[in-house]
Amino acid sequence: MSPSRRSRIVALPRPDPQGEVTLQKALRERRSTREFAGSPVMLADIANLLWAAHGVTGPRGERTAPSAGALYPLEVYLLAGAVAGLPPGLYHYQPGEHALAPVSAEDRRGAVAAAATGQEWLEQAPALIAVAAVPERTERKYQGRAPRYVSMEAGAVAQNIHLEAAALGLATVVVGAFSDAGVQQALGLPADQDPLLLMPVGRKT
């Protein structure tokens with residue numbers, strides 16, 4: 001990360017290590033939701049969601065989601081539209097620092113919705129979490145098995161986000177219907193990163 005980019009990094013609130021909802025309750029209440037209230041999402045809730053997705057949990061860099069060979073090919077992005085305490089724009093989650101690195105000050109929710117087969121409701125979500133992969137990280141070790149392992153890891157990350165959202169009383173859904181090239185362009189992802197899934201987040205209606 002360049003010095004100028006590091007100087008603009010946004011520290012996130014520490015994730016809540018306890019929580020008030022049991023795993024069993026979160027599993028029971030997990031639902032796919034495509035309607036969101038108009039109120040903003042709190043930055044503390046976003047911090048918990050991102051940590052649940054890919055946060056560091058151990059001294060050797062262990063994460064909340066498993067990774068084949070501990071190679072961690074996934075990258076997590078936040079597209080903020082209405083997040084209290086956070087300017088709109090695109091951010092790259094930094095697991096080691098539990099922080100956000102600004103990528104763009106543009107609100108690109110409309111462009112992402114257009115790339116996602118015109119699903120306009122995506123633009124209404126206060127925030128969007130995007131998960132991308134750098135396949136080469138896994139391919140170096142696992143060659144032809146890499147696509148399977150990367151997909152498994154993405155599924156684990158998505159379920160972590162879903163369960164954390166349920167625990168926080170938030171609404172979300174996993175979206176996979178989109179143009180890969182369109183989402184990559186809308187988010188300005190590097191050429192070596194493939195978008196895998198989108199998860200809009202908001203308060204329940």
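The points below take up a strand, a helix and some charged pairs, in that order.

1. Please bear in mind throughout that this is a predicted model, and that the values quoted here are computed from it.

2. I would start with strand β7, which spans residues 127-133 and is mostly covered, seven of its seven residues being buried. Both of its faces are covered: on one side lie A127, I129, V131 and A133, while L128, A130 and A132 lie on the other, and all of these are buried.

3. Which strands pair with β7? Strand β3, made of residues 74-80, pairs with β7 in the antiparallel sense over seven bridges, and in this pairing V76 stands opposite V131.

4. Helix α6 runs over residues 146-168, and its 23 residues reach 33 Å from the first C-alpha to the last, which is close to the 33 Å expected at 1.5 Å a residue. Its buried residues include the alanines A146, A154 and A158, and among them are also the charged residues E153 and E164. The helix is followed by G169, whose phi is positive, near 75°.

5. Side chains of opposite charge can pair when their charged atoms come close, and a search of the whole structure finds six salt bridges. One of them joins the side chains of D45 and R203, at 3.7 Å from N to O. This pair links distant parts of the chain, since D45 belongs to helix α3 (residues 43-54) and R203 to strand β9, 158 residues apart. D45 counts as buried because its relative accessibility is 13%, under the 20% cut-off, whereas R203, at 25%, counts as partly exposed.

6. How far apart are E136 and R140, in residues and in helical turns? They are four residues apart in helix α5 (residues 135-142), so about one helical turn separates them. The two form a salt bridge whose closest N and O atoms are 2.6 Å apart. E136 counts as partly exposed, at 40% relative accessibility, while R140 is exposed, with a relative accessible area of 54%.

7. Finally, R108 forms a salt bridge with E106, the closest N and O atoms lying 3.5 Å apart. Is R108 buried or exposed? R108 is buried, because its relative accessible area is 15%.

Terms used:
Residues are numbered from 1 along each chain as its sequence is written. This is a predicted model: local features need pLDDT of at least 70, side-chain atom pairs count only at pLDDT 80 or more; totals for chains, interfaces and linings use all residues. Side-chain values use heavy atoms; hydrogens and water are left out. Buried means under 20% relative accessible area, exposed over 50%, partly exposed in between (1.4 Å probe, protein chains only). Helices (H or I, at least four residues) and strands (E, at least two) are DSSP runs, numbered from the N terminus. Two strands pair if DSSP finds at least two bridges between them. The expected span of a helix is 1.5 Å times one less than its number of residues. A salt bridge is a side-chain nitrogen of Lys or Arg within 4 Å of a carboxyl oxygen of Asp or Glu.
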